[in-house]
Amino acid sequence: MKKITEICCIGAGYVGGPTMSVIANQCPEINVTVVDINQQRIDDWNNTNLENLPIYEPGLKEIVAKNRNKNLFFSTEVDKAIDKAQMIFISVNTPTKTYGKGKGQAADLKYIELCARTIAEVAKDDKIVVEKSTLPVRTAQAIKSILDNTGKGVHFEILSNPEFLAEGTAIDDLINADRVLIGGNDSPTGQEAKDALSQVYENWIPKEKILQTNVWSSELSKLVANAFLAQRVSSINAISALCEKTDANVQEVSKAIGFDSRIGPKFLQASVGFGGSCFQKDILNLVYIARSYGLAEVADYWEQVIIMNDYQKRRFAENIVNTLYNTVSGKKIAMYGWAFKKDTNDTRESAAIYVADALLEEKAEIVVYDPKVSEDQIYADLDYLGSRSSSLTRELLKVVDDPIKATEQAHAVAIMTEWDEFKTFDWVKIFENMLKPAFLFDGRRLLETQKMEDIGFKYYKIGQS
Ligand code: UDX
Ligand code: ADP
């Protein structure tokens with residue numbers, strides 16, 4: 001079996017960037033080139049000021065600094081990198097379709113298809129193509145049929161190697177992975193390709209944690225893993241609504257059930273709703289696939305996880321309006337956090353977007369503070385929803401760098417992301433700044449109830465009456 005020494009990754013985003021940086025770091029004898037069609041993104045990855053990398057992820061800048069331009073390269077020369085590589089990872093985005101058949105549910109595979117066509121056009125010798133993006137089941141087949149019809153006599157072996165990193169902990173998740181999943185054909189060349197990729201990971205992952213499966217199992221496992229995780233969050237969020245109506249405390253319930261070793265303690269943190277680029281998209285893919293095979297009950301079962309998440313976000317926004325005497329029109333509300341979770345600048349599907357949108361519909365004046373998300377991104381997220389003109393959004397919503405000043409004359413503060421720094425803010429000063437009664441809506445259960453009530457806040461915490 002040929003040892004892999006040249007890897008190319010198409011797509012320098014949240015998955016491709018950190019994953020390739022870690023592979024380069026753990027495998028000094030492999031050259032890793034990450035390519036992207038977005039020139040600005042590549043320039044940012046090559047920026048000498050490491051604070052300007054396009055992605056914020058703890059530990060990432062140190063790894064990039066150590067390996068960049070040694071065996072880790074970022075470039076827009078897609079064709080050249082494909083030509084040189086023995087193994088090509090496809091790590092481009094696969095958003096939910098916004099048009100045509102499967103609109104709002106199916107994954108849009110146009111970027112994947114474009115990659116396959118580019119590889120087919122450029123490749124002059126045999127390649128192993130690895131799908132890394134989260135994809136619906138059977139995408140590998142589509143990639144294969146494009147690649148196999150080039151008529152150039154080049155052999156392509158397609159592997160599925162889904163990414164299980166969570167943003168905010170990506171580097172640790174990659175270095176200390178629970179498992180690595182490699183799906184491929186059972187043919188001799190398929191087995192050889194699976195072993196070649198296993199060997200790359202064996203540089204730092206114990207062999208028993210590297211699982212080999214067929215392609216479909218691997219593709220489906222990724223969707224199912226995310227569906228199970230999201231289901232836990234929706235389950236505890238459903239219980240948080242019940243706790244708010246009774247004297248139960250959702251944290252106590254989480255702890256009590258999490259002690260059961262069959263249930264376990266993780267992913268039972270009630271919140272304003274899950275976000276991120278994977279959970280919703282993957283479940284929608286699962287629902288779409290199930291429905292397309294005529295499995296209506298299976299589709300409905302998983303769809304309920306999304307319905308519960310939408311309910312949770314809506315419930316949080318409605319609670320703010322109801323508590324502020326049924327109107328927020330012209331009232332200033334400071335929102336702390338815009339990212340979908342702490343330690344990332346990613347905002348895809350963030351609950352904050354939907355809550356802000358609902359409050360803007362009620363004509364609230366919103367001031368947003370997030371330590372890592374840019375003003376442009378926040379406006380782009382709201383413009384993408386398209387609920388109102390972008391000029392009206394800019395009139396009603398401001399983005400600030402000073403979180404304390406943001407609360408001057410505010411009626412309420414809403415915590416949307418669990419950034420650690422919010423815990424150490426001067427909450428006494430914030431209270432003094434605000435109009436009275438001063439309302440604090442904690443969508444992340446970040447602060448201590450007693451402490452906030454002692455300061456004088458009317459404090460609402462998800463999952464507590
Ligand atoms: C997820 C999977 O965890 C990862 O394995 C996969 O590769 C990609 O999708 P990610 O979306 O980066 O990762 O973040 P994750 O930590 O799973 O959180 C998703 C959302 O759920 C966040 O909005 C988070 O705040 C929320 N969440 C998570 C809760 O509300 N409560 C919890 O207990 C856990
Ligand atoms: P993910 O979270 O899956 O990594 P991102 O949107 O962060 O998604 O990153 C995907 C990257 O893939 C983007 O930077 C985008 O420009 C890039 N991309 C999309 N299509 C192509 C293509 N055909 N060739 C090269 N790069 C591409």
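This is a predicted model: local features need pLDDT of at least 70, side-chain atom pairs count only at pLDDT 80 or more; totals for chains, interfaces and linings use all residues.
Residues are numbered from 1 along each chain as its sequence is written, chains are lettered from A and ligands numbered from 1 in the order in which they are written, and side-chain values use heavy atoms, with hydrogens and water left out.

**Nonpolar cores**

- The largest nonpolar core has 60 residues. Such a core is a set of buried Ala, Val, Leu, Ile, Met, Phe, Trp, Tyr and Cys residues joined through side-chain atoms within 4.5 Å; buried means under 20% relative accessible area, exposed over 50%, and partly exposed in between (1.4 Å probe, protein chains only).
- Helix α13 (residues 351–361) gives this core its largest share, seven residues. Helices (H or I, at least four residues) and strands (E, at least two) are DSSP runs, numbered from the N terminus.
- The residues with the most contacts inside the core are Phe 316, Met 335, Trp 338, Leu 397, Trp 427 and Phe 457.
- Leaving out residues up to four places away in sequence, Phe 457 touches Trp 427, Ile 430, Phe 431, Met 434, Ala 438, Leu 440 and Met 452. A contact here means heavy atoms within 4.5 Å.

**Helix α3**

- Leu 60, Ile 63, Val 64 and Asn 67 are the buried residues of α3 (residues 60–67). They line one face of the helix, because seen down its axis they fall within an arc of 100°, taken from the directions from the helix axis to the C-beta atoms.
- The cover over those buried residues includes α1 (16–26), α2 (39–45), β3 (72–75) and α7 (170–175).
- Just after α3, Asn 69 takes a positive phi of about 65°.

**Salt bridges**

- A search of the whole structure turns up 22 salt bridges, each a side-chain nitrogen of Lys or Arg within 4 Å of a carboxyl oxygen of Asp or Glu.
- Lys 194 pairs with Asp 186, with the closest N and O atoms 3.5 Å apart. Lys 194 is buried at 2% relative accessibility, while Asp 186 is exposed at 66%.
- Lys 342 and Asp 420 form another bridge, their closest N and O atoms being 3.2 Å apart. This pair links distant parts of the chain, 78 residues apart: Lys 342 sits in the loop between β9 (332–336) and α13, and Asp 420 in the loop between β12 (412–415) and α16 (427–433).
- Asp 420 also bridges to Lys 423, with 3.7 Å between the closest N and O atoms. Lys 423 is partly exposed at 42% relative accessibility.
- Glu 167, Asp 346 and Arg 348 are joined into one network by salt bridges that share partners.

- Most residues other than glycine have a negative phi, and most peptide bonds are trans.
- The peptide bond from Lys 436 to Pro 437 is cis, with omega near -5°. Pro 437 is in the loop between α16 and β13 (439–442).
- Asp 343 has a positive phi, near 65°, and lies in the loop between β9 and α13.
- Glu 349 has a positive phi too, near 60°, and is also in the loop between β9 and α13.
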